[in-house]
Amino acid sequence: MDPPAGPSLGGFDFDLLVIGGGSGGLAVAKEAAGLRRKVLILDLAAPSTRGTQRELGGSTFNKDTIRKFLQQASLLGKAIQDSNKYGWRFIDDVSHGWSDLVEAVQGKVKARSLELKRELKSCGVFYLEARGEIVAPHTVEVTDINGRKQSLTAETLVIATGDRPYHLGIPGDKEHCLSSDDLLSLLHPPGRTLVVGGSAEGLECAGFLCGLGYPVTVMLQPDLLEGLDQKMAQKIENHMLVAGVDFICNCSLTKVEQKELSTEDRVAGISAAAPQQVSRGRLSVTVVSKEGQTKQDDFDTVLLTVGRKACTSGIGLERVGVQFNQDTGRILVNEKDQTSVDYIYAIGSVQHGRPSTTGLSVHAGTLLACRLYGGENTLCDYTNVPAVVLTPLEYAACGLSEEKANLMFGKDNIEVYHNYYWPLEWTLPARNKNSCYVKVICYIPENDRVVGLHIMGPNAGDVLQGFATAMKCGLTKRQLDATVGISPSSAQVLTSLTQTQRMSEASMLRGNC
């Protein structure tokens, strides 16, 4: 495990030492190495409470890979249903094999991790599968997988340890519940599933499992897509309800217990080929309503998606005075991604109070290396960060939600243009005409500058990407209207929005009179 001999340019063992193999950490390491600095990455993430091993790339990178594959698995099932209208005929009945999906996705994630390690080596970054703990200024104690320790010094430290799911702290949560990290560790199909949490992560898992044919219930604990546009969130919920997902509101999970399987269940097992036949659960859950009423129900799987906590405990932040949030573990940083200790920086989901996406982490990490070693001074802009929720009907957003825009600028200074649209490929199988939706939020005093853009429909993230660039350049509604739409495409709906929410509300009022 010995690192390469020879000091860095500043007399330390390394110019830059990155603790954690998150996507932002990898980006800053590769960029710094490209600028001829001596760089080391330490990455040895502990497995989940259910024993799921974590791969190099960090929580966001690997989670994004998995969530995209799972969404695609669900969408392919829907495409098979639509294919009949496009003339396709199948000789045999089509079924889904859970174990085949698990094997393929796990294999791809491991392959990408190996690819990242090869990429680090080719860039000149030194990588150790080891745990790092700050023990003194500029000094990190390194512990490898065999428990051997040594101390290394670095002029600059970067924390990029990522985050991991919360547990609720209720009886049975760690013993019997899964996190999204563990979902693909199941060797058998999940069967009837309770998803606890209305986060993007929770809705994505619920949509994926429903798309594969499993009965799914979502318990909104605490709220639905908290922090995102609530009108859009409501439309996502409505679409999932129509698809067959059940929702429980104003309730809390208080206990999860293992049930003894009946003889009938032991004989029947859980069928991968016919997930809809699974009806009896192996777990008994206790739920308490807002009014204090207690209810019990049975599920095969309970999935916790109630939030994530930064993996910053045990890395020595307190020892050198790095300030962080005691509840979430997230680190306080300034506009330069610098912590309260001037030679320590934090990148990615370990930052307190900032959005977290893989793309943002990579961008911030690259800019940090350029500021440290490239003579540049460009700061990462943490506003107007595009994000996507990979529910079966995809949702992508950039900028402000309608609620935040009204709060920031005042409702009278905001105009909201919106419309439903029907993707051409949906017309042949006659899918719901009023499912896909776009909304553009404009700030009137600045020539109707676009301050929020929201899309719900197929490939929404891909559609939004170019518009996010335009928003960085100060996109206005007039410029949006002057853009020539591409036909046939769904994106063209954004270039021809004339209906405003004020007009819609006035029309509804006239209709009620």
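The legends below describe close-up views of a predicted model.

**View 1. An open sheet of five parallel strands.** The strand order is S8-S15-S9-S10-S11. Strand S8 (178–179) and strand S11 (246–248) are the edge strands, each pairing on one side only. Helix H6 (residues 230–243) packs on the sheet and touches strand S10 (216–224) and S11. The direction of H6 makes about 165° with that of S10.

**View 2. The pairing of strands S9 and S15.** Strand S9 (residues 193–198) and strand S15 (residues 301–304) run parallel and are joined by four bridges. Val-196 stands opposite Leu-304 in S15.

**View 3. A tilted aromatic pair, Trp-98 and Phe-208.** The structure holds five aromatic pairs. In the pair of Trp-98 and Phe-208, the centres are 6.2 Å apart and the planes are at 35°. Trp-98 belongs to helix H3 (residues 98–123) and Phe-208 to helix H5 (residues 200–211), so the pair ties together parts 110 residues apart in sequence. Trp-98 counts as buried because its relative accessibility is 0%, and Phe-208 counts as buried at 3%. Ring pairs link Trp-98, Phe-208 and Tyr-214 into a cluster.

**View 4. A stacked aromatic pair, Phe-409 and Tyr-443.** The ring centres lie 4.1 Å apart with the planes at 25°, so the pair is stacked. Phe-409 is in helix H10 (residues 402–409) and Tyr-443 in strand S21 (residues 436–443), 34 residues apart. Tyr-443 has 14% relative accessibility and therefore counts as buried.

**View 5. Charged ends over tyrosine rings.** The charged end of Arg-354 sits over the ring of Tyr-382, 4.0 Å from the ring centre. The charged end of Lys-477 sits over the ring of Tyr-417, 4.4 Å from the ring centre.

Note on methods: Residues numbered from 1 in each chain as written. Predicted model: local features only at pLDDT ≥ 70, side-chain atom pairs only at ≥ 80, totals over all residues. Heavy atoms only, no water. Pairing = 2+ DSSP bridges. Helix = DSSP H or I, 4+ residues; strand = E, 2+ residues; numbered from the N terminus. Contact = heavy atoms within 4.5 Å. Axes fitted to C-alpha atoms, helices over the stretch in contact; angles between N-to-C directions. Phe/Tyr/Trp six-rings, centres within 6.5 Å; stacked < 30°, edge-to-face > 60°. Buried < 20%, exposed > 50% of the residue type's maximum accessible area, 1.4 Å probe, protein only. Lys NZ or Arg CZ within 6 Å of the ring centre and 35° of its normal.
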